[in-house]
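Notebook open, structure on screen. I'm jotting down what I look up as I go.

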Amino acid sequence: MSNTEPRPTPREVGGLDGTAAGPALDLLPAKEVPLGENTVVRRLLPTLGRRMVGAWAFVDHYGPDDVAATSGMQVTPHPHTGLQTVSWLLQGTVHHRDSLGSDVTFGPGQLALMTAGHGIAHSEQSPVPHPRFLHGAQLWVALPDATRDTAPAFEHHATLPGFTSDGLTATVLMGGFGGAVSPGTAHTPIVGVDLDLAAGADVEVPLEPDFEHALLGASGGADVEGAPLAHGAMVYLGTGRRSVRIRTEAATRLLLLGGEPFEERLVMWWNFVGRSGEEIAEYAERWNDGDPRFGVVAGFDEDQRQLAPALPPVPLKARGRVR
């Protein structure tokens with residue numbers, strides 16, 4: 001999925017300066033951002049005060065939106081570098097096409113994982129016809145320096161591992177959790193889990209104490225360690241936790257995101273992740289000039305490509321993970 005802001009803000013992310021030294025319970029504010037023609041997303045990372053959770057560098061949550069009378073999601077070809085996109089649906093379907101020739105329609109419970117590496121282009125659209133409701137999350141994972149220039153790749157996993165216990169059904173998107181390990185390729189120690197909680201659940205969810213974690217309220221609402229977590233909000237849990245207590249009144253879906261604190265410092269602007277402002281400027285110029293490093297997404301005219309906006313007048317520098 002693309003960052004379609006006409007004047008995207010450069011983000012200097014990474015480094016350990018902002019990693020909590022122990023448990024935290026910080027509510028992260030969301031920013032509403034239009035995406036394509038019909039979709040508005042809640043941007044939860046990067047946000048005021050926090051730019052990353054482990055290697056998770058970007059979190060958009062959208063829906064549930066009634067798209068029966070619209071074309072739904074319409075994100076035309078755009079580029080990425082230095083990251084992985086993790087697409088997760090709770091309702092609806094999305095048609096993914098990319099410059100590798102991938103052409104996949106995926107739905108709830110299926111993992112669409114794209115590794116941009118040194119450069120890729122893709123589109124995401126609601127198919128015709130499409131279900132009435134669209135609800136999901138688009139997540140970016142920063143690639144470490146050792147693999148950020150790897151060849152691009154796309155994975156579609158129609159089934160994922162997990163387990164059910166005490167009113168909790170867990171589905172593992174990335175990494176390992178509760179003995180279940182995702183088939184998705186990970187390049188850093190990371191975890192991503194869909195937590196489907198029944199009404200009246202009261203569970204102690206195990207965590208890796210060396211990771212930092214956050215919880216996204218995808219639907220319903222929960223009490224997290226005594227603090228309310230509403231639909232569309234996210235709470236940062238810090239580090240050093242071996243578990244987190246979650247209680248619900250109504251049926252609730254949460255996304256647990258975590259990972260080893262990401263030590264490398266990055267520059268993130270528009271749809272690119274790099275290590276310097278000069279790199280980002282080069283990516284933007286190459287994409288706008290039609291450089292073959294990004295390839296071509298079949299089925300679109302040249303004028304349907306999203307061009308990179310003008311770079312900001314100030315230099316882009318890599319700093320830390322919090323403002």
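Predicted model: local features only at pLDDT ≥ 70, side-chain atom pairs only at ≥ 80, totals over all residues.

**Entry 1: the pocket.** I started with the lining of the largest pocket and sorted it by class: eight nonpolar, two polar and four charged residues. The lining has 14 residues, and the ones nearest the centre of the pocket are Gly295, Val296, Val297, Glu302 and Arg305. I also looked up the volume of this largest pocket, which is about 200 Å³.

**Entry 2: strand β4.** Next I went to β4, residues 39-45. Is it enclosed or open? Six of its seven residues are buried, so the rest of the structure largely encloses this strand. For that I counted a residue as buried when its relative accessible area is under 20%.

Then I checked the neighbours of β4. Strand β3 (residues 31-35) runs antiparallel to β4, and five bridges join the two. In that pairing I found lysine 31 opposite arginine 43 of β4. Strand β5 (residues 56-66) is antiparallel to β4 too, with three bridges between them. There, leucine 45 stands opposite valine 59 of β5.

**Entry 3: cis bonds.** Leucine 45 came up again here, as a cis peptide bond joins it to proline 46, with omega about -10 degrees. Proline 46 sits in the loop between β4 and β5. I noted another cis bond, from valine 128 to proline 129, where omega is near -5 degrees. Proline 129 is in the loop between β11 (120-125) and β12 (133-142). I wrote these down because most peptide bonds are trans.

**Entry 4: positive phi.** Most residues other than glycine have a negative phi. Aspartate 166 isn't a glycine, yet its phi is positive, about 55 degrees. I found aspartate 166 in the loop between β14 (162-165) and β15 (168-174). Tryptophan 270 isn't a glycine either, and its phi is also positive, about 50 degrees. Tryptophan 270 belongs to the loop between β26 (265-269) and β27 (272-274).

Which of these is buried and which is exposed? Aspartate 166 is exposed, with a relative accessible area of 64%.

Entry 5: Last, I checked UniProt, where an unreviewed entry lists residues 193-290 as "domain: Pirin C-terminal". Over residues 193-290 I got 12% helix and 52% strand, with the end C-alpha atoms 37 Å apart.

Conventions:
Residues numbered from 1 in each chain as written. Heavy atoms only, no water. Buried < 20%, exposed > 50% of the residue type's maximum accessible area, 1.4 Å probe, protein only. Helix = DSSP H or I, 4+ residues; strand = E, 2+ residues; numbered from the N terminus. Pairing = 2+ DSSP bridges. 1 Å grid on protein atoms, 1.4 Å probe; cavity = no way out; pocket = protein on both sides within 12 Å on 5 of 7 lines; lining within 4 Å. Points joined across faces, edges and corners; volume = space filled by probe spheres on them. Nonpolar A, V, L, I, M, F, W, Y, C, P; charged D, E, K, R; others polar. UniProt positions renumbered as here; feature names shortened; annotations may be inferred.
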